[in-house]
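These are my notebook entries on a single chain.

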Amino acid sequence: MKLGLTLAMLPSIVRADHKRRPEETPMATALAPLRGAERMSRVDTAWLRMDTPSNLMMIVGVWLLEPGVPHAALCARVEERLLKYKRFRQKVVEDTMGASWVADRGFDLQHHVVRETLKPRRGQGLRTALEDRVAVLAATPLDPARPLWQLHLVEDYVDAEGRRGSALIARIHHCIADGIALIAVMLSITDGGKPPPERAQKPDDEKDWLADAVLKPITDVAVKAIGLYGDGVVKSMEALSKPQELFGSVEIALTGAQVVKDVAALALMPDDSPTRLKGKPGRGKRVAWCEPIPLADVRAVGKALGCSINDVLLACAAGAIGAYLRGKGDDPTGQEIRAMVPVNLRPLEKAHQLGNRFGLVPLVLPIGIANPVARVYAVRRRMNELKGSYQPVLAFGVLAVAGLLIKPVQHALLNLFAKKATAVMTNVPGPKEPLMFCGSTLRQTMFWVPQSGDIGMGVSILSYGGGVQFGLITDATLCPDPQAIIAGFAPEFERLLTTTLMLPWGEAA
């Protein structure tokens, strides 16, 4: 009830604030001690405030490098490349109206690039010790008095095959950038990469961001990316692309009738299926990832079945989750779970501006279908259903204005997503050829997405260097053994591959 009243009041609150002179607004008053600071965008502020004891809004990644990289070489590369992005030299200062980016006058590189020593337990290998350390770091907050990122270097790492090298663990708060922007950062710090000049990093004016990156892509970038070609959806989104004509200003459109409408529609979406993977998360994390499977094989199966690579990978992930539940004695037959999937809204040429510019698509995963081919077709059908649905645009306006709300209301609003989903899932296409970093080969890379609210699972699918990997980060209470799910990913693909090869010629086309 309180949430509904707050949302209903938003248009009048925004209108009242617009009538004041700029120097009289609460925001201007709050910023008086921070003259010269750069105001954090509302979307990034929403991610900053989304931290909870159970779920920290950090993107966590691992690089496996061969041969090893010394700590001094890593520090030199960070100094030379990464710190050319001013966000990595700025700390965050919060106030009553939001937050600002402020240069860290006491910046200490040694705090941000730290040595790690893995300490395996008795009978434990270095790979498991690395997963344990990543899990601990994923549940450990970054220092809010410093720029919100850290690199942890294990200088001497030996994998299960005996290959020696280094393992690099990265932790970056989501308020700095989303996944697409961080891929641009990754490419710029590898050998041969080049960060953009600081003047090119300046983000678009926030009003332009609200209009161009939230509303216009609804009829442009997002429609093409998701494949939304249903007439009803397109007409609705075309109407939203001219908010000034409807409401008088972009801000009023977003914080007024449209957001209330979006939240109401989201609230009508049924809650997700109850499984052991859904519940109240604790404060511990577990991570796991598999070895790559050949991307060419995935592409061949998709072509044979008339499905996309994405359909095949999502079906394998759904199969692995279903097999895990059956292994626990549960019966997932006929069950489905929902995953919130990020959709990029930014032009790729603007990824160097960092920040967050994406919406969320609620995607249903058919975990209760045992037949691998039937499961692929079910995933494809679900993807096709999104083409005629309004669901993919529900989250856009919500994320754009969540940073305006006081923290308790913001958490209540964003927890709507958690009730509707079991997982956050992202599928990122990485470079096709292996990259070099400080003269070493980046042999393998993996990352894990943060989960908001009470969501207890993050699913990551990453293609890199001709292979595809499946990674999980889970709540230690809800899923203490994510490796058991990971272990089912490759077998599910092998079952699908074998079944596809056995289909009669022409039937699999």
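Is Arg121 exposed or buried? I find that Arg121 counts as exposed, at 55% relative accessibility; buried means under 20% relative accessible area, exposed over 50%, and partly exposed in between, with a 1.4 Å probe and protein chains only.

I note that this is a predicted model, in which local features need pLDDT of at least 70 and side-chain atom pairs count only at pLDDT 80 or more, while totals for chains, interfaces and linings use all residues. Residues are numbered from 1 along each chain as its sequence is written, and side-chain values use heavy atoms, with hydrogens and water left out.

Entry 1, salt bridges.
I searched the whole structure and found 23 salt bridges (a side-chain nitrogen of Lys or Arg within 4 Å of a carboxyl oxygen of Asp or Glu).

Arg121 meets Asp132 in a salt bridge, at 2.9 Å from N to O. Arg121 lies in the loop between β5 and α6 (126-138), and Asp132 lies in helix α6, so the pair ties together parts that are 11 residues apart in sequence. Helices (H or I, at least four residues) and strands (E, at least two) are DSSP runs, numbered from the N terminus. Asp132 is partly exposed, with a relative accessible area of 26%.

For Arg115 and Glu155, I record a salt bridge whose closest N and O atoms are 2.8 Å apart. This pair links distant parts of the chain, with Arg115 in strand β5 (residues 113-115) and Glu155 in strand β6 (residues 149-158), 40 residues apart. Arg115 is exposed at 56% relative accessibility, whereas Glu155 is partly exposed at 30%.

Arg375 is buried, with a relative accessible area of 2%, and Glu492 is buried at 6%. I also record that salt bridges with shared partners join Glu66, Asp159, Glu161, Arg163 and Arg443 into one network.

Helix α15 (residues 309-327) and α20 pack at an angle of about 120 degrees, with their axes 8 Å apart. Axes are lines fitted to C-alpha atoms, for helices over the stretch in contact, and angles run from 0 to 180 degrees between N-to-C directions. The two helices are therefore oblique to each other; angles under 35 degrees count as roughly parallel, over 145 as roughly antiparallel, 65 to 115 as roughly perpendicular and the rest as oblique. From α15, residues including Val312, Leu313 and Cys316 meet Phe489, Glu492, Phe493 and Leu496 in α20.

I asked which residues touch the most other members of the largest nonpolar core. Of its 75 residues, they are Leu74, Val78, Phe88, Leu130, Trp149, Ile176 and Trp448. A nonpolar core is a set of buried Ala, Val, Leu, Ile, Met, Phe, Trp, Tyr and Cys residues joined through side-chain atoms within 4.5 Å. Strand β2 (residues 58-66) gives this core its largest share, 7 residues. A second, separate core of 43 residues includes Ile293, Val298, Val379 and Leu496.

Terms used:
Contact = heavy atoms within 4.5 Å.
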